Amino acid sequence: MFLKLLEAVLKTGNRMNVGTNRGDAHAFKLDTLLKLVDVKGADGKTTLLHFVVQEIIRTEGARLSSTNQTPNTNLNDDAKCRRLGLQVVSSLSSELANVKKAAAMDSEVLSSEVAKLSKGIAHITEVVQLTETSGSDESSQKFRESMNKFMRMAEEEILKVQAQESVALSLVKEITEYFHGNLSKEEAHPFRIFMVVRDFLTVLDRVCKEVGMINERTMVSSAHRFPVPVNPMLPQPLPGLIGKRQYNSSDDDSPSP
């Protein structure tokens with residue numbers, strides 16, 4: 001889903017910049033995601049991210065509900081389509097939950113903690129060596145045997161942790177270079193890419209809620225303008241009676257036809 005969102009942002013940007021030197025871009029930096037809410041429409045509320053989310057909701061909802069295969073869709077089909085699409089986009093935050101956890105980490109603290117573990121084993125080794133000169137009774141012998149067994153296991157685990165740390169940092173550099181290109185600018189904050197995605201997910205969650213409310217209001221307004229009978233087999237009202245329903249407070253909320 002994240003890749004589909006990036007593709008939608010890229011296509012939208014190229015569409016907006018058609019005819020300029022930015023109109024045929026093949027990629028963009030992830031920082032651009034945070035700027036989507038800065039581009040607003042004429043009403044001052046609808047942002048470019050709202051538009052992108054609506055587009056993805058439409059395409060994903062149509063794909064899941066298969067309403068794009070039926071030439072005549074009614075209001076209920078459209079509402080179902082939009083809700084399905086919104087669920088897909090809204091689930092992105094939970095899909096990238098590990099990114100949020102990674103954003104809260106500090107690479108320097110992580111490396112420091114691994115180094116402390118290694119130093120701790122070295123200190124324990126020194127203590128065990130001192131016990132060899134302090135006594136040779138049975139209890140001291142058992143203590144040294146237990147500690148030596150523990151240290152062998154601990155050293156193996158620390159080597160694994162150090163290897164995993166190296167692999168993790170290497171993967172972070174690789175993904176940073178893929179999305180940002182110039183890796184040298186990110187060396188001071190190697191986990192910043194996760195912070196960018198975390199902040200974007202926060203904005204995306206808010207926009208999804210707003211889009212959901214907008215779509216619900218639109219569906220309610222459309223239902224008021226084009227009421228669907230509960231039982232299609234029942235006789236319809238006479239044409240002369242259409243439009244003579246009583247005034248109610250919802251009329252103020254629905255747009256004029």
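**Close-up views of a predicted model**

View 1. Beyond its neighbours within four places in sequence, His50 makes contact with Lys45, Val207, Glu210 and Val211. His50 itself belongs to helix H2, which covers residues 48–65. Its relative accessibility is 6%, and His50 therefore counts as buried, since the cut-off for that class is under 20% relative accessible area.

**View 2. Helix H1, residues 2–16.** With 15 residues at 1.5 Å a residue, H1 should span 21 Å; the C-alpha atoms at its ends lie 21 Å apart, in agreement with that expectation. The buried residues of H1 are Phe2, Leu5, Leu6, Ala8, Val9, Thr12, Gly13 and Asn14.

**View 3. Helix H7, residues 138–180.** Buried positions in H7 comprise Ser140, Arg144, Met147, Met151, Ala154, Ile158, Glu165, Val172, Thr176, Phe179 and His180.

**View 4. The cysteines Cys81 and Cys208.** Cys81 has a relative accessibility of 6% and so counts as buried. Cys208 is likewise buried, because its relative accessible area is 4%. A disulfide is a covalent bond that joins the sulfur atoms of two cysteines. The structure holds 0 disulfides.

Key:
Residues numbered from 1 in each chain as written. Predicted model: local features only at pLDDT ≥ 70, side-chain atom pairs only at ≥ 80, totals over all residues. Heavy atoms only, no water. Helix = DSSP H or I, 4+ residues; strand = E, 2+ residues; numbered from the N terminus. Expected span 1.5 Å × (residues − 1). Buried < 20%, exposed > 50% of the residue type's maximum accessible area, 1.4 Å probe, protein only. Contact = heavy atoms within 4.5 Å. Disulfide = S-S within 2.5 Å.
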